[in-house]
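Have the sequence and the 3D view open side by side as you read.

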Amino acid sequence: MSDIIQLLPDHVANQIAAGEVVQRPASVVKELLENAIDAEASSIKLLIKDAGKTLVQVIDNGSGMSVTDARLSFERHATSKIRSAEDLFQLNTKGFRGEALASIAAIAHVELKSKTEEDEVGTQLIIEGSEVVSQEVVVTPKGTSIAVKNLFFNIPARRNFLKSNQVETRHIIDEFHRVALAHPNIQFVMYHNGSEVFNLPESNYRQRIVNIFGSKTNEKLVPVNEETEVVKISGFVGKPEYAKKSRGEQFFFVNNRFIKSAYLNHAISSAFEGLLKESTHASYFLNLNVNPETIDINIHPTKTEIKFDDEHTLYAILRASVKHSLGQFNIAPVLDFERDSNLDTPYDYKDIQNPSTPNIEVDRSFNPFQERQTSGNRATAFKKQTPSNWDSLYVGLESKGTKSQQDFTSVQFESEEQTGSIFNQQTPVETKQSTFQIQNKYVVSTIKSGMLVIDQYRAHQRVLYEDFLKNMTIKESMSQQLLFPIQLHFSSQEIDILKQVKEDLEYTGFLFSDISKDSIEISGVPVHVPESEVSVILEQLINDIENEVPDSNFSPTDLLAKSMAKSLAVKTGQSLSVPEQEHLVNSLFGCKEPNMSPTNKSTFITLSVDELDKKFI
Ligand code: ADP
Ligand code: MG
């Protein structure tokens, strides 16, 4: 048999390597920005078109390349950064594999312009799918500009695999943040489709964080500084009360390189132990400086993971210094005496004291199962009977402490009564109390065939979801004007997200009097939304939009309705008065799809008498 092994042609090898280096436009952004930093630029511009799918361009004022270097830079394993294996252990540059430009050029149309300080004129090089199309003399300032167009033009499968522009932009911005945070001494500007997204002047670290994440960030930051033999730690952690629902603002940099480390992240969370609300995450922006010989950054192709010689010590030091800072800046639980208690209870407390006050018409004869066939009309017909009773649920929602005790006694009392009636089998349950609550989580109701167990949180989400959706679709809703507009601060990205959903938010009842670069002013809120909940709702919404993996039927309206329903629904653990329970049950069965929560989980189960009988055999 003849020899069959062949060497792969370079362009094929490059395409394969590209698979490792370039997953998406954001990977190109990362590589190009890092090259500019390695070239010691003091000012770097990033230009993006269509989430990087059409164009990623980085322009720097760094060292530039000679004519020959420009040509060589696109060869595989061509690097100016290491010369021998030993160099690997003393790395101070971002790149060193000499793979990025070769990989990128294999799968895109690349246009490079570069000029060094010494050269009179620069060089322009055009490469398409690893093939040099032209190299010419060009007039260009000192530094380098690399434009990467039509990414994956020759690999349609990869191109189709890219996510929506929203998701790809998110990834690009994440990379941009990481690089910009690691280098506050460099000016960064970013444009997307011609408009400026970030303009970050050279500054100190705190200022850089604030310039990226918005001016309200400043007051949240607690400095962390520690110097030991093993590591020098500097940076900030966010005060616990500003902890976010998303894990967005968590950054570790080791020797100015962004890294991910679940282990070190754990060190921070444990330093925050007891200080954070459930399901929130502390923000942090921490730089660790270690001797480059004690780390191995070569274990991951995109180099966001790192191996430390002595991870345990690092963990302990990190945890201790964060704890120390939180203690020193007196972050441990602060009682907020100045808080206006009215903010917490938007409805008159009198109403809450006495559970019988809410005047609710409940359709006691209503049987959701009987009327299934006429479902279309049922919803509207039923709703007519219980107009404007929504507030009653929210009275329950806002009442804390005292309220639950009150209810507890009343429920106990009434259920005792009911026990009697069950035994003599005389009084039909519906004419008395038809619902009760278990563990402040489930609402139980009797039906002809047996019983109904409703998950209160999911059920209320369904009710609110349909309500919001309806308002947004018919573009009509009630808004309550605020006497004093609320001003909320957000980062510029968050503002962008809010702008996208502004119109829909208005259909739910929000009124925006002003939207600036880093803040919004709200002059009206939906009638049943307490003022104190507004920032939570918007934060949750932004978080949901950011984390949504959009598919073809992604709808912002739907997401908004879901998100608001999630924020506003009565939670598990909330005690509901009997009228509130009944109202919830009735409203649920007034919905178009009562069986499922907006996130497709069952809202209730039924237990028939037959099933109960079986259990007693
Ligand atoms: P690496 O960064 O791993 O060395 P790259 O493929 O990213 O590999 O770049 C190859 C070489 O091209 C670099 O080593 C550097 O010499 C040169 N280079 C790339 N980008 C720039 C730039 N913006 N300015 C100056 N030189 C650059
Ligand atoms: Mg590089």
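## A sheet, a helix and a surface patch

Strand β18 (residues 450-455) is joined to β22 by 5 bridges, and the two run antiparallel. To find one spot in that pairing, go to I454: its bridge partner in β22 is F604. Keep in mind that this is a predicted model.

Zoom out a bit and you'll see that the pair belongs to an open sheet of 4 strands, with antiparallel pairing and the order β16-β17-β18-β22. At the edges sit β16 (435-438) and β22 (604-608), each of which pairs on one side only. On average, neighbouring strands of the sheet are turned by 25 degrees against each other, ignoring direction.

| Feature of α6 | Value |
|---|---|
| Residue range | 165-182 |
| Length | 18 residues |
| Span, first C-alpha to last | 26 Å |
| Expected span at 1.5 Å a residue | 26 Å |
| Buried residues | 13 of 18 |

So much for the numbers; in words, the reach of α6 is close to what's expected, and the helix is mostly covered.

Last stop: the surface. Which residues form a nonpolar patch there? They are M1, I4 and I5, and together they have about 480 Å² of accessible area. I4 lies in the segment before α1 (10-21). Why does I4 count as exposed? Because its relative accessibility is 61%, and the cut-off for exposed is over 50%.

Notes
Residues are numbered from 1 along each chain as its sequence is written. Chains are lettered from A and ligands numbered from 1 in the order in which they are written. This is a predicted model: local features need pLDDT of at least 70, side-chain atom pairs count only at pLDDT 80 or more; totals for chains, interfaces and linings use all residues. Side-chain values use heavy atoms; hydrogens and water are left out. Patches are made of residues with over 30% relative accessible area and no salt bridge: like charges are joined within 9 Å, nonpolar side chains (Val, Leu, Ile, Met, Phe, Trp, Tyr) within 5 Å. Accessible areas come from the Shrake-Rupley method with a 1.4 Å probe; for residues, only the protein chains shown count as cover. A salt bridge is a side-chain nitrogen of Lys or Arg within 4 Å of a carboxyl oxygen of Asp or Glu. Buried means under 20% relative accessible area, exposed over 50%, partly exposed in between (1.4 Å probe, protein chains only). The expected span of a helix is 1.5 Å times one less than its number of residues. Two strands pair if DSSP finds at least two bridges between them. Axes are lines fitted to C-alpha atoms, for helices over the stretch in contact, and angles run from 0 to 180 degrees between N-to-C directions.
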